[in-house]
Amino acid sequence: IVELVRLVRSGIYSSTYSSGIVQIYYSTSSSGSILGWGNICYDSSFASTEASVICNQLGYNGASSYGRAGSTSSYGTDNAATIIDDVNCASSSYLTLEQCSLSLFIKSYCVSNSYDAYVVCYSTRIWDNPYSGQIRLREGTYSSYGRLEVYCNGQWGTVCDDSFGSIDARVACRQLGYSYYSTYTGNLAGYSSSPIWLDNVICTSSSSTCLAYCESCPSSQYHNCRHSEDVALGCKFSSYATSTNTLSTCQYADSSASDIAAIVGGVVAAVFICIVLIITIPICICCCLGVGIGAAARGGRSTTKTTVVGGASDVSCTAVTSQTTSAYPAQSGYDASYPPQQGYPPQQGYPPQQGYPMQDNSDSI
Ligand SMILES: [Ca+2]
Ligand SMILES: [Ca+2]
Ligand SMILES: [Ca+2]
């Protein structure tokens with residue numbers, strides 16, 4: 001397993017390098033035994049696709065160049081051993097080297113340090129043109145660890161640790177092209193001053209690969225957190241299958257999550273309006289019929305009465321009906337056929353709060 005990727009010059013690492021000789025930290029998956037930091041052999045199969053995936057994993061926007069360390073003096077010599085060979089990536093949009101195939105069998109000429117692969121990454125970051133719901137890890141030593149940030153409402157912000165658990169951590173890591181998390185607690189020195197966009201994140205399916213399917217960008221900032229509660233996330237590879245996400249996989253997740261919310265909201269509103277109409281229309285019809293018949297029984301005063309009922313609210317309408325009915329006992333036959341209230345218990349069966357889970361304002365630090 002390629003646990004980590006970094007770039008070195010003359011064997012020295014700096015997190016500021018966007019070009020250099022590639023080092024990977026490799027462990028074997030079954031026993032967990034560590035092979036340590038080592039190089040990738042620059043052979044005939046190492047090309048721009050593989051170099052771009054390495055740059056993507058480092059957070060840079062692909063590779064502008066790549067080659068064999070012995071062909072340039074720019075990056076010195078790295079005496080670390082060559083530990084992987086035959087790297088082959090199917091897409092230059094992959095996010096991690098683990099999404100590619102590779103071999104631990106090292107061809108004889110690869111042993112030489114001159115065959116160490118180097119890459120030159122574009123200096124732009126993969127989050128420079130962000131989409132709503134994109135996430136990134138910031139200010140960690142390596143690209144697989146850092147403060148979790150989400151792009152929302154045109155701005156990067158942080159994620160509060162309230163309710164943030166192992167399933168949420170795994171979904172976020174899968175969005176980034178990893179298979180599992182290594183940590184999701186603790187916060188990083190140098191607190192963010194950006195907005196806190198997400199609070200009480202709850203993912204229910206660990207098979208999801210986009211955090212926005214759990215919680216879309218909030219339309220307003222609503223939380224009860226401090227930046228000391230910002231999630232710092234570490235991602236890794238494990239026996240779980242590595243995510244097949246690419247640079248653009250989650251690009252439309254947030255908008256579709258918002259669409260689903262809008263559709264659900266629309267349906268709830270429509271059902272509510274229908275219920276109101278179902279309840280009020282028969283009452284008004286019965287009301288009008290009752291008044292009309294009552295007025296007819298008194299003879300020639302229907303016009304005035306109907307106008308009053310039409311302009312009145314449901315409550316006064318009902319009240320008029322009952323008064324009319326009681327004042328004119330001649331309608332006994334009508335009352336039996338049209339009991340105006342029966343069959344329409346207005347509130348029963350429609351508890352307005354149903355379907356809206358209680359807000360959890362608890363602050364489980
Ligand atoms: Ca080497
Ligand atoms: Ca909270
Ligand atoms: Ca907390």
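Two strands pair if DSSP finds at least two bridges between them. The legends below use the word in that sense, and the model they describe is predicted.

**View 1. The hairpin of strand 9 and strand 10.** Strand 9 (residues 135-138) pairs with strand 10 (residues 145-152) through four bridges, in the antiparallel sense. Arg-138 faces Arg-147, a residue of strand 10. Six residues lie between the two strands of this hairpin. In the turn, Glu-139 has a positive phi of about 65 degrees.

**View 2. The hairpin of strand 10 and strand 11.** Strand 10 is also joined to strand 11 (residues 155-159), and the two run antiparallel with four bridges. Tyr-151 has Trp-156 of strand 11 as its bridge partner. Two residues separate the strands of this hairpin. One residue of the turn, Asn-153, takes a positive phi of about 50 degrees.

**View 3. Strand 10 beside strand 14.** Strand 14 (residues 232-236) pairs with strand 10 over three bridges, in the antiparallel sense. Here Tyr-145 is bridged to Gly-234, which belongs to strand 14.

View 4. Helix 1 (residues 48-57) is largely enclosed by the rest of the structure, because nine of its 10 residues are buried. The buried residues are Thr-49, Glu-50, Ala-51, Ser-52, Val-53, Ile-54, Cys-55, Asn-56 and Gln-57. Their cover includes strand 1 (2-9), strand 3 (19-27), strand 5 (63-68), strand 6 (82-88) and strand 8. Just after the helix comes Gly-59, with a positive phi of about 90 degrees.

**View 5. The largest nonpolar core.** This core has 72 residues. Val-22, Ile-54, Val-119 and Leu-233 are the residues with the most contacts inside it. Strand 8 (residues 117-121) gives the largest share of the core, five residues. At least three residues come from each of domain 1 (2-121) and domain 2 (135-251). In soluble globular proteins, nonpolar side chains tend to be buried together.

**View 6. The contacts of Val-22.** Val-22 is one of the residues with the most contacts inside the largest nonpolar core. With neighbours within four places in sequence left aside, Val-22 is in contact with Val-5, Leu-7, Asn-39, Ile-40, Ile-54, Ala-117, Tyr-118 and Val-119.

Conventions
Residues are numbered from 1 along each chain as its sequence is written. Chains are lettered from A and ligands numbered from 1 in the order in which they are written. This is a predicted model: local features need pLDDT of at least 70, side-chain atom pairs count only at pLDDT 80 or more; totals for chains, interfaces and linings use all residues. A nonpolar core is a set of buried Ala, Val, Leu, Ile, Met, Phe, Trp, Tyr and Cys residues joined through C-beta atoms within 7 Å. A residue is buried if 20 or more other C-beta atoms lie within 10 Å of its own, exposed if 12 or fewer, and partly exposed in between; C-beta atoms are placed from the backbone. Domain bounds come from an automatic or database domain assignment. Two residues are in contact if their C-beta atoms, placed from the backbone, lie within 7 Å.
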